[in-house]
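User: I would like to learn how to read a sheet and a pair of aromatic rings. Could you take me through them?

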Amino acid sequence: MFSGFEHGMAEVNGTRINYLRGGSGPALLLLHGHPQTHVIWHKVAERLASRFTVIAADLRGYGDSGKPAGLADHSNYSKRTMGQDKIDLMAQLGYPQFLLMGHDRGGRVAYRMALDHPRAVSKLVLLDIAPTLAMYEQTSMAFATAYYHWFFLIRPAPFPELLIGSHPEEYLRHTIGGRSAGLAPFTPQAYAEYLRCLSDPATIHGICEDYRASASIDLAHERHDLARGHKIQCETLVLWGAQGVVEKCFQPLQEWRHLAGKLSGKALACGHYIPEEAPDALLAEVLPFFTA
């Protein structure tokens, strides 16, 4: 995996960020989701690196990045703080402006970055998410059943941490294998890496804090943006899985129009884990978008 990439560790924004860098050309930052790491990009990273300088980084709380204890208000896991990690990382690497693609939780960090740092993000791709506030406010039985972890992980510490920590592999298998494609998209090497990281109690806490922030401080930030009419300024491409929960429970483009001024998007013939389920279809959409 990631042939030709170099590993790095950066001290930024009061934590450390683990990343891989490879390729040449315009800078492209890739951000993963839950409960994974930068490894989610292993099927597309090398092909992207033929056109771009690709940086695939672990989020705060995930992978081999730093995992600080959550504050009482969860602000150190807000998407604003997690986004600042990546703004600082890219600046330290010499990329004050860059292309950005995020899946799942990484998509939530990515759109907060685009809102807070419009000069840094030149184009944005969001994979299989609707805005966080819309998803919580429009919760239905179908959504709550499929995304039960949105409500389980936000319970006060250490309750969810203890339950996941008692059998992290069962949580991983149930979470990523319980979607439309089952475990088929995940190579043994990628799965082993996800399990290695999730077996660390600090990762489990970091993941919970990510969700606790999304159900509290992140919603306050998003309400503030909506009240001001503050929108993402760069071109934004939204892609989601036709077999996934976002397709079944929400109207993604309609919801993103509240936050993005230059928007396009479509469903792809896959489920939630687009970079691993449908790498060719993903590249067919993002390469023309990023190079136009």
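Analyst: Strands of a sheet pair through backbone hydrogen bonds, in a parallel or an antiparallel way. Here 8 strands form an open sheet in the order E1-E2-E4-E3-E5-E6-E7-E8, with mixed pairing. Strands (E, at least two residues) are DSSP runs numbered from the N terminus, and two of them pair if DSSP finds at least two bridges between them. The model is predicted: local features need pLDDT of at least 70, side-chain atom pairs count only at pLDDT 80 or more, and totals for chains, interfaces and linings use all residues. Residues are numbered from 1 along each chain as its sequence is written, and side-chain values use heavy atoms, without hydrogens and water.

User: Which strands stand at the edges?

Analyst: Strand E1 (6-12) and strand E8 (260-268) do; each has a single partner strand, so one side of each is left without a neighbour in the sheet.

User: In which sense do E2 and E4 pair?

Analyst: E2 (residues 15-23) and E4 (residues 53-57) are antiparallel, over 5 bridges. Gly 22 is opposite Val 54 in E4.

User: How is a pair of rings read?

Analyst: The distance of the centres and the angle of the planes describe a pair of aromatic rings. Rings of Phe, Tyr and Trp (its six-membered ring) pair if their centres lie within 6.5 Å; planes under 30 degrees apart are stacked, over 60 edge-to-face, the rest tilted. This structure holds 14 aromatic pairs. For Phe 143 and Tyr 147, the centres are 5.1 Å apart and the planes at 45°, so the pair is tilted.

Technical notes
Helices (H or I, at least four residues) and strands (E, at least two) are DSSP runs, numbered from the N terminus.
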